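User: Hey, I've got a new structure open and could use a hand reading it. Can we go through it together?

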Amino acid sequence: MAMIETDRLLLRAPVETDRARFVELFTSEAFMVFTGVLDPVAANDRFDRMLTLAGRIPYGKQPVINRVDGAIVGYTGVDTVEFDGLARLEWGWRFVPKARGRGYASEATAALLDVAGACDSGEVLCIIAADNHASRRVATKTGFRHWKRLNWNGDPSAPTDLFVRPIGAGGPPLLAPDVA
Ligand SMILES: CC(C)(COP(=O)(O)OP(=O)(O)OC[C@H]1O[C@@H](n2cnc3c(N)ncnc32)[C@H](O)[C@@H]1OP(=O)(O)O)[C@@H](O)C(=O)NCCC(=O)NCCS
């Protein structure tokens, strides 16, 4: 299995034995802040989706592992989202509270973006709640550009920033593979 090594972290495609850890994370309010906790069924579905996408896209959401103790501390990579009538690739990142504020999200994301740029060309989207300052900063530090602010699903209580980033030589939006 291809493994990406950074100074402090390892990234690799998710495997079935990661399921218990991800279900634990997806059902944790602290981990799921800003989007909402999943119930165990939805958490398992989300993990199934990670496995499926990772089989199709080398920069699908991947576990990020602390090299010191081997613990999964978060994820980074793309999933898919419907936006403006397109099923687009959307980059996301999420770390456990103890692992935040150490530069891990930027370090892991920059490494996986290198992988993406080596195998694809086009544009990825990134969707961030307007008040999620840490996430906005990760986007900026990893080369995303602010595209526009809108109310997500037209909801004025959900101001949301859209960021975009070229992958490889850039180009039109990168679209979801036929797995959804
Ligand atoms: C967003 C998240 C992934 C960032 O992870 P991280 O490893 O702490 O990120 P990094 O350390 O690489 O970078 C965070 C940057 O935001 C800055 N930051 C953190 N909190 C901030 C705040 N409240 N206001 C402004 N900037 C802030 C940090 O100083 C850092 O910038 P710097 O390197 O210029 O100092 C992490 O906080 C997280 O998992 N949050 C909960 C889930 C989430 O919001 N995911 C994103 C959904 S779009």
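User: To begin with, what percentage of the 180 residues is buried?
Analyst: Buried residues make up 46% of the 180 in the protein chain. Here buried means under 20% relative accessible area, exposed means over 50%, and partly exposed is in between, using a 1.4 Å probe and protein chains only. Keep in mind that this is a predicted model: local features need pLDDT of at least 70, side-chain atom pairs count only at pLDDT 80 or more, and totals for chains, interfaces and linings use all residues. Residues are numbered from 1 along each chain as its sequence is written, and side-chain values use heavy atoms, with hydrogens and water left out.

User: Ok, how many helices and strands are there?
Analyst: The protein chain has four helices and eight strands. Both are DSSP runs numbered from the N terminus: helices are H or I with at least four residues, strands are E with at least two. Starting at the N terminus, the order is β-β-α-α-β-β-β-α-β-α-β-β.

User: What's the radius of gyration of the chain?
Analyst: The protein chain has 15 Å, which agrees with the value near 16 Å that a compact globule of 180 residues would have. That radius is taken over C-alpha atoms, and the globule rule is 2.2 Å times the number of residues to the power 0.38. Along its principal axes, the C-alpha trace spans about 40 × 35 × 35 Å.

User: Let's look at helix H1. Which of its residues are buried?
Analyst: H1 covers residues 19-26, and its buried residues are Arg19, Phe22, Val23, Leu25 and Phe26. Seen down the axis of H1, they fall within an arc of 160°, so they line one face of the helix. The arc is that of the directions from the helix axis to the C-beta atoms.

User: And what do those buried residues pack against?
Analyst: They pack against helix H2 (40-56), strand E3 (62-66) and strand E4 (72-83).

User: Switching to strands: is E6 mostly covered or mostly open?
Analyst: Mostly covered: E6 is residues 122-129, and six of its eight residues are buried. Eight bridges join E6 to strand E8 (residues 159-167), and the two run antiparallel. Strands count as paired if DSSP finds at least two bridges between them. Cysteine 126 stands opposite phenylalanine 163 in E8.

User: Is cysteine 126 buried or exposed?
Analyst: Cysteine 126 counts as buried, at 2% relative accessibility. Cysteine 119 is partly exposed, with a relative accessible area of 40%.

User: What about serine 135, where is that?
Analyst: Serine 135 is found in helix H4, residues 133-141. At 10% relative accessibility, serine 135 counts as buried. Leaving aside neighbours within four places in sequence, serine 135 is in contact with Trp93 and Ile128, where contact means heavy atoms within 4.5 Å.

User: Last topic: what's the phi of phenylalanine 34?
Analyst: Phenylalanine 34 has a positive phi of about 85°, although it is not a glycine. Phenylalanine 34 sits in the loop between H1 and H2 and is partly exposed, with a relative accessible area of 47%.

User: And asparagine 153, what's its phi near?
Analyst: Phi of asparagine 153 is near 55°, again a positive value in a residue other than glycine. Asparagine 153 is in the loop between strand E7 (145-151) and E8, and it is exposed, with a relative accessible area of 71%.
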